[in-house]
There are 2 protein chains.
Amino acid sequence: MEEPLTPKRSVTVADVARAANVSKATAARVLGGYGVVSDKVREQVLAAAAALEYRPNELARSMTTGKSGIIGVVVGDIENAFFSLAVRGISDVARMAGFNVIIANSGEELDAEKSAVDLLIGKRVDGLIVTPARCDRMEHLQDIRRVGVPLVLFDRNIPALGVDAVTGDDLDAAMIATRHLLDTGHRRIAYISAMDTESEFLDDSRSISNSAVRERVEGVLKEQADAGIAKARYYVRLGATDQPKTDGVVKSLLQDAAPPTALIASDSLVGLRIFKTLQTLGLSIPRDISMISFLDADWTTVTTPPITVVDQPVYEMGKKAAERLISRLNGKDLPVERTVIKTGLIKRGSVASPSRSNDQ
Amino acid sequence: MEEPLTPKRSVTVADVARAANVSKATAARVLGGYGVVSDKVREQVLAAAAALEYRPNELARSMTTGKSGIIGVVVGDIENAFFSLAVRGISDVARMAGFNVIIANSGEELDAEKSAVDLLIGKRVDGLIVTPARCDRMEHLQDIRRVGVPLVLFDRNIPALGVDAVTGDDLDAAMIATRHLLDTGHRRIAYISAMDTESEFLDDSRSISNSAVRERVEGVLKEQADAGIAKARYYVRLGATDQPKTDGVVKSLLQDAAPPTALIASDSLVGLRIFKTLQTLGLSIPRDISMISFLDADWTTVTTPPITVVDQPVYEMGKKAAERLISRLNGKDLPVERTVIKTGLIKRGSVASPSRSNDQ
DNA sequence: AATAGCATTGAGACCGGTCTCTTTTTGCAT
DNA sequence: ATGCAAAAAGAGACCGGTCTCAATGCTATT
């Protein structure tokens, strides 16, 4: 009569053992797939398990083994195609190796990142892949190592930490993009980033706490310095975090007495926003202004014109990071390795020589 | 001398208790935040915990409480903006309620979905949100209920299961889109879906196992039937799973003696692919052909022309699903509820009256 | 001063697995 | 038959928390 609609207690090894008339240890051996058991007994246990619909409790298993089979990933923003693609790379590799992935968003904020890390460590993840929001604050990351959880940094490196890191070659990528614009005849090149700061302007590139952002800015500046361009730093603008802000940044640049003739977007989200801004302003690309975006996002090929982009093999970067972490999880102690993934430039239609009128 | 570089054993309540000179139970009370403890003792324990850098083992905690604080989510493909946006909605709500989210991809395959569900139940997730790949196979989903884990279906419903479901109003959405095209003068409207089947053609819409896909197809057909259009079903094509296949589907449609004058894409990925195909073919939208895509993806606003879309409030759908699940997790037994989220049409520039030449 | 009564703290079982160690069976050689 | 090593099965501790229940201490009441 009191058929339990929701069987409150789940079936355990002990239950199966009882049903199969063997000891808990024996049942555990066949159910857990370890130790030696005779074929006859194995059959019995398996039959009993099937009849009872036994499902192993991974939690209990993890508790005793100390391994959870979970890899924790902390990224800035999964919405961003960059991260979601990277996460897929990580997940694919992880799944193949029998690991699961828990993803946590930091929103690029240090506190959120800290608590995400705490949380994941609490869940006893076997390893961690983190995109550090800032490269100058690393106490919580040192904690990770102290606890003994392998860590791989992603997209941004903190050399002082002494852990594996997988990053793009941001300096080089920025230089290539800049050089392309210089070669095309541009002399006033703006670099627009979504980095959140007090000022829209850049004082000193060394003060940028995010290594990826810093390297790109330095790449842009270095290439221009080599070309003998003076006011390069003036054209580096930060804070394009949403559409209105991006509109503001772009407009302020274009209203300048000497407006830039080319724009470089620090990521595909910024790129999309800039494109929309320019569209709103009724500017034609590349006639009125040229642009290059980081990341070969899908929208960049369907615009008119299609956008020239810095191609980052993000999926591969994610894979690489996961592979590194997993080999460290299995293997003993590998030397710390910094993997830098080369990036390329895909030339499409958004770059042209600056028009005379602009190139006063 | 033998300073352990990697402290193999983590600090436990027992360690803290010992350091604080109190019983394990007392230390556990303050560390676990339950029961009553005097302020004095609390201080001691907290101090000891801090000194030892105690970190609770959530696994052990989950084991005894039976709650893992994790919500499992099984989606078709996180790459798809539809799912990634939904997942963010789910995650946001979950985080606010103190839950974590584990995401599993099914790739829209039943077997993968089954094992994902098994895996998540093994991890003892507190609840599950699943996007069932097929609505005609539900043994594994019944298992979930039998185990006593609350389940919410997302995007697709299986009424026979008798569980909560949050879906879009796909029938209505398809009808609205179709009506818009009819109103604009189109009489040959193609619906292109990424659904993977043997045949590119549709025999009987009732044979479609995915309820969302089915409803959309039925919406398209119904609206045309009401308008007295005869060969509507002929223009429903499936299998646009990647760019080459999409190219094929579109080309075969356009090479028909009576080619469609308008295309409806079943999701934003298919939409993007169709757009690229049309671009490759040198067709001008909406002059040569009109199109509507499902989902207001970001790329749809930067194309020339911008794409008219069926706007699905996916983020809200995700939120709603998570809210439902969580209230079921907390509350007692609510009645089964099917939430249908209204969708709208955002008219942009990709629909126009069919040109005379096409409308022979 | 004795004792009821409440606030704290302590002891120890328990969750559901894994795993070591011990005991019992089995198989085969002598 | 008998011995003995190897194989199979059983007992029970353990992982790191939670939680029940008992014990202790202190204040308040009469």
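A polar contact is a pair of N or O atoms within 3.5 Å; within protein, one of the two must be able to donate a hydrogen and the other to accept it, and residues adjacent in sequence count only if both atoms are side-chain atoms. The structure is a predicted model, in which local features need pLDDT of at least 70, side-chain atom pairs count only at pLDDT 80 or more, and totals for chains, interfaces and linings use all residues. Residues are numbered from 1 along each chain as its sequence is written, chains are lettered from A and ligands numbered from 1 in the order in which they are written, and side-chain values use heavy atoms, with hydrogens and water left out.

DNA strand C is considered first. A polar side-chain atom of A:Lys24 lies 2.9 Å from a base oxygen of DNA strand C. A residue is near a strand if one of its heavy atoms lies within 4 Å of it. DNA strand C is surrounded by 30 residues, the closest being A:Val13, A:Thr64, B:Arg29, B:Ser38 and B:Val41. Of the atoms of DNA strand C that come within 4 Å of the protein, 54% belong to sugar and phosphate. Helices (H or I, at least four residues) and strands (E, at least two) are DSSP runs, numbered from the N terminus. The largest share of the surface near DNA strand C, five residues, is supplied by H2(A).

DNA strand D has 29 residues around it, and the closest are A:Arg29, A:Ser38, A:Val41, B:Val13 and B:Thr64. Sugar and phosphate make up 58% of the atoms of DNA strand D within 4 Å of the protein. An N or O atom in the side chain of A:Ser38 is 2.7 Å from a phosphate oxygen of DNA strand D. From chain B, the side chain of B:Lys24 places an N or O atom 2.8 Å from a base oxygen, while a polar side-chain atom of B:Arg61 lies 2.8 Å from a phosphate oxygen. Two or more residues of the surface near DNA strand D come from each of H2 and H4 of chain A and H2 and H4 of chain B.

Within chain A, strand E5 (residues 164-168) is largely enclosed by the rest of the structure, because five of its five residues are buried (under 20% relative accessible area, with a 1.4 Å probe and protein chains only). In a regular strand the side chains alternate between the two faces of the sheet. A:Asp164, A:Val166 and A:Gly168 point one way from E5(A), and A:Ala165 and A:Thr167 the other way. Strands pair if DSSP finds at least two bridges between them. Strand E4 (residues 151-154) of chain A runs parallel to E5(A) and is joined to it by three bridges, with A:Leu153 opposite A:Ala165. Strand E11 (residues 338-341) of chain A also pairs with E5(A) in the parallel sense, over four bridges, and A:Ile341 is the bridge partner of A:Gly168.

Chain A further contains an open sheet of six strands with mixed pairing, in the order E7-E6-E8-E9-E10-E12. Its edge strands, E7 (236-237) and E12 (344-346), each pair on one side only. Strand E10 (residues 308-311) pairs with E12(A) in the antiparallel sense over three bridges, and A:Asp311 stands opposite A:Gly344.

Key: Buried < 20%, exposed > 50% of the residue type's maximum accessible area, 1.4 Å probe, protein only.
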